[in-house]
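Please view the sequence and the structure first, and then read the points below.

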Amino acid sequence: RNHAIAEFERQQNNVDKDNTSSTSGGANRAVCMNINEQPESATGQSRMETGEEIEDDLVAGVSDVMQPALVLGVQSDILFPVKQQKEIADILRRAGNTKVTYYELDALYGHDTFLIDFVTVGAAIKGHLENSSR
């Protein structure tokens, strides 16, 4: 991904040079690149990672995380939606972690629930600690 970003920035710099140089005669052009897109290879072909490949990379990245893990999702959290929290728990489980606890909290405070709703968050933490000690 860092390579893709660097390639995008390099292409943007070339576009800026084309657009500002009066002697270049270069046509105005825009470069758009998806963050998951690989830059063109020497053969001129580019390739996008599939969702399955991305998930496999994530599983490989957390394959050493085997300690008990608590993942909390808050239904009203738009910053980190519950869908993403479920994906984190699923990725940890796919990597072989059998001690993953996922709780989905129904709270009104969105992302700030972790800072404000001590009772709900505390109960989830207590449940996780009780389950992971077995």
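A residue is called buried when its relative accessible area is under 20%, exposed when that area is over 50%, and partly exposed in between, with a 1.4 Å probe and protein chains only. By this rule Leu92 is buried, because its relative accessible area is 10%. The structure is a predicted model, in which local features need pLDDT of at least 70 and side-chain atom pairs count only at pLDDT 80 or more, while totals for chains, interfaces and linings use all residues. Residues are numbered from 1 along each chain as its sequence is written, and side-chain values use heavy atoms, with hydrogens and water left out.

**Overall fold**

- The protein chain holds five helices and two strands; helices (H or I, at least four residues) and strands (E, at least two) are DSSP runs, numbered from the N terminus.
- Along the sequence, these elements follow the pattern α-α-β-α-β-α-α.
- Of the 134 residues of the protein chain, 25% count as buried.

**Strands and crossover**

- Strand E1 (residues 69-74) and strand E2 (residues 100-105) run parallel and are joined by six bridges; two strands pair if DSSP finds at least two bridges between them.
- Leu70 has Thr101 as its bridge partner in E2.
- A right-handed β-α-β unit is made by E1, H3 and E2; right-handed means that, with the strands pointing away from the viewer, the path from the first strand over the helix to the second runs clockwise.

- Leu92 lies in helix H3, and its C-alpha atom is separated by 8.3 Å from that of Met66, 26 residues apart along the chain.
- Leaving aside neighbours within four places in sequence, Leu92 is in contact (heavy atoms within 4.5 Å) with Val62, Val65, Ala69, Val71, Asn97 and Val100.
- Thr113 belongs to helix H4 (residues 113-116), and Thr113 is buried because its relative accessible area is 0%.
- With neighbours within four places in sequence set aside, the contacts of Thr113 are Val74, Leu105, Ala107 and Val121.

**Largest pocket**

- A pocket is an open set of points on a 1 Å grid over the protein atoms alone, where a 1.4 Å probe fits, with protein on both sides within 12 Å along at least five of seven lines; lining residues have an atom within 4 Å of a point.
- Among the residues that line the largest pocket are Ile54, Leu58, Gln84, Leu92 and Arg94.
- Helix H2 (51-61) and helix H3 (82-94) each supply at least two lining residues, and H3 gives the most, with seven.
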